[in-house]
Amino acid sequence: MADRAEGALSLPDDWPTRADVSLTLNHMGTFDWDLTSGLMHMDRPALDVFDVHPHEYDGHPESLAHRVPPDEAVRLDSMVAQALKNGSDHYGAYFRIRRRDGSLRWTHTQGCVRRDENGRPLRIIGVVRDATEELADSTARVEVDTERRRQTSVVESTTAALAHARTVRDVIAVLKDSHGLEHLGATSMVMGLLESGGRIHLVAEGPEGSFVPGTRYTRVDEQYPMSEVVRTLAPRFIESKRDFADSYPILWPHIKGLGISAAAYLPLIAQARPIGALGLLYRDKTGFSSEERNLLVALGSSIAQSLQRAVLYEQEHDLAEGLQQAMLPRRIPDVPGAQIAVRYRSARLGRDIGGDWYDIIALPGGRVGAVIGDVQGHDTHAAAVMGQLRIVLRAYAAEGHTPATVMARASVFLHELDTERFATCTYAEADLSTGVVQVVRAGHVDPLIRDQDGSCRRLPVQGGLPLGLSAEFGRLEYPVSTVELDPGQTLLLYTDGLVEEPGADLDDGLQLLAELVHGGPRDLQLLADRLCEVVDERGGDDDVALLLLRRKGAYTPQAGGRLQQHVAQNDPEALRSARHMVRAAVRAWGARERADEIELVADEMITNALMHTDGGAIVTARVLSGAERRLRVEVEDRSSALPRRREAGESGVSGRGLLLVDRLTEAWGVESRGSGKCVWCEFIIPERATVR
């Protein structure tokens, strides 16, 4: 990645490098010392102060030991250790280094200690500079020039602020908002990034209203100051209006009305290659002192390092985000009887992305599966696992497995995958003709239900272990919760990034989300946008996936549409779910007048199959069109033994099942089905108009 990104920001190989450019400026460089890893990043000017070539430095401070006399090293180490121990935020010291020719030269360093919330030191950011001339006599060693202290402070504070910049926009914001421009006396800045082919992309335009048409993209061989410093790798200090007008006649007519009297253009160089240019614009100023030039060159080096990190960060993040987006559904299918809105918001505070996903699966019989899930971790591996898990879960659902089986098989798949990641997930299978929704939850946050009046409530769903873990511990039983979604009600599925905040209670987050949904727009797309906006405003550092499913009013399936439920033996939950399905079908298909009869007959048929056969049963409800509109209930089992109608026994408890079926239905019968049979019955129900 780094090699590819560097090539995209480099000039051709035969262009000069920084080593080819001779600058007569005193050396001042910056360093960033990570105390956890022990590695210290030093830019090129800092290495020059120690008279060390880049290939001689491996990132460990010990690599500089041969340049610091032993007595100086002991004194310097003692001073740094004392600052870390006593809680100091800053330290400064003069010490000598031994150059390649054996001569000793005075050097000055000043560092800023960054600590965590507990006061533990994490890193030191600072500057190092040649102080030979400054300490030419003993008096200068005691009383340091105030201006030099100010210059060092500006570089130090700006470098420290840039350490937290993640994107190019962050770098620009730091330079504008950290008072660095104010301390330098500049009124505004321009910045350009070098792209492939020798093109410079302007990313910071200077004062408001100062953009010069045609300069959004320029070339390094054109007569502009940024082009010149990128081409020559040397800073350009424009000391007067006359100098500006004579040197850049193409640009000057467009900016002379801005009151600019001087400018400093600096090449931004990282790893000895140019990545762009920075221009600082001044009013009421003429000329630059040697101290000012030293300061600006040191600042440009620090900015270049931060800018390169930001460019690489953005490229890596865009690649990772593109990978995840490619694994999410490209389009959401049109689902009759439903309105659907989905959103995915990636975290902008982390380099990588996570494994959040959503999916909508069209199922036979007019049903629809809705999935929301989150793979553990925030990296490209999490996204890759997410893509595989989404595909297999979709395949299991499309094969017609029950929601509990879909979840169990997905867990086994993840467990057998070559990964240590687990995933939380919620799978909801909805029949929009009846409003019956079967929900299975694997370690995920509970869904929400929004009513037609906007009120919102949490939907408690009994759950199992996360995917992968349930297979690991042999606990693959996933209870199914059945709810009815009335016309106009909305089911909200989401990942925990929508409700979790560091240090906050999850219940508080759920309550806040319910309030946001209650007060949010009625339009589903606008509501989804609003919820994502709230996360952005809150500055969440986690990915968020969101799926909203609203049942339209009174959708009625065409003939042949059906509901189906598998009922295993000794599974009370599945039996209740089947009864719930029949009850919802009766209500949705306009058979309320015969509701008691239909539910009683269906219950008898299901109970008969479970009591007198081996294995479970499959219950199906459907609407038949014809001369008379009929509701048909089928119970299929794996026994070839045909049922027979008989009188009730002496106890009067058993033997009444088929008598009830015969008395209460318009027709019933038994059909052979290969390895088993199907007992069916039909009820005449009134015609009803389809409400669109």
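Author: One definition comes before the rest: helices (H or I, at least four residues) and strands (E, at least two) are DSSP runs, numbered from the N terminus. This is a predicted model, in which local features need pLDDT of at least 70 and side-chain atom pairs count only at pLDDT 80 or more, while totals for chains, interfaces and linings use all residues. Residues are numbered from 1 along each chain as its sequence is written, and side-chain values use heavy atoms, with hydrogens and water left out.

Reader: Thank you. Where is D51 placed?
Author: D51 sits in the loop between α2 and α3 (70-85).

Reader: And is D51 buried or exposed?
Author: D51 is buried, at 15% relative accessibility. Buried means under 20% relative accessible area, exposed over 50%, and partly exposed in between, with a 1.4 Å probe and protein chains only.

Reader: What about the phi of D51?
Author: The phi of D51 is near 60 degrees, a positive value in a residue other than glycine. Most residues other than glycine have a negative phi.

Reader: Which loop holds L233, and what is its phi?
Author: L233 lies in the loop between α8 (225-232) and β9 (236-238). L233 is not a glycine, yet its phi is positive, at about 60 degrees. With 3% relative accessibility, L233 counts as buried.

Reader: Let us change topic. How many salt bridges are there?
Author: The count comes to 37 salt bridges, each being a side-chain nitrogen of Lys or Arg within 4 Å of a carboxyl oxygen of Asp or Glu. One of them joins D32 and R123, with the closest N and O atoms 2.4 Å apart. D32 belongs to strand β1 (residues 28-34) and R123 to strand β5 (residues 121-130), so this pair ties together parts that are 91 residues apart in sequence.

Reader: Is D32 buried or exposed?
Author: D32 is buried, at 18% relative accessibility, whereas R123 is partly exposed, at 23%.

Reader: What separates D48 and R44?
Author: These two residues are four residues apart in helix α2 (residues 44-49), which means that about one helical turn separates D48 and R44. They form a salt bridge whose closest N and O atoms are 3.5 Å apart. D48 is partly exposed, with a relative accessible area of 25%, and R44 is partly exposed at 27%.

Reader: Which residues are linked in a network of salt bridges?
Author: The network links R622, E628, R630, R632, E634, E671 and E682.

Reader: How far is R622 from A585?
Author: A585 and R622 are 8.3 Å apart in space, C-alpha to C-alpha, and 37 residues apart in sequence. A585 lies in helix α17 (residues 572-588) and is buried, with a relative accessible area of 1%. Leaving aside neighbours within four places in sequence, A585 is in contact with T434, L563, A621 and L631; contact means heavy atoms within 4.5 Å.

Reader: Now to the helices: how do α18 and α19 pack?
Author: Helix α18 (residues 595-612) and helix α19 (residues 657-664) pack at an angle of about 145 degrees, and their axes are 9 Å apart. Here axes are lines fitted to C-alpha atoms, for helices over the stretch in contact, and angles run from 0 to 180 degrees between N-to-C directions.

Reader: Which residues meet there?
Author: From α18, E597, L600, V601, E604 and M605 meet G657, L660, V661 and L664 of α19.

Reader: One last topic: how many aromatic pairs are there?
Author: There are five aromatic pairs. Rings of Phe, Tyr and Trp (its six-membered ring) pair if their centres lie within 6.5 Å; planes under 30 degrees apart count as stacked, over 60 as edge-to-face and the rest as tilted.

Reader: What kind of pair do F244 and Y248 make?
Author: Their ring centres are 6.0 Å apart and their planes stand at 75 degrees, so F244 and Y248 are edge-to-face. F244 is buried, with a relative accessible area of 0%, and Y248 is buried at 2%. F244 also forms a tilted pair with W252, 5.2 Å centre to centre and with 35 degrees between the planes.

Reader: Which residues form a ring cluster?
Author: Ring pairs link F237, Y282 and F288 into a cluster.
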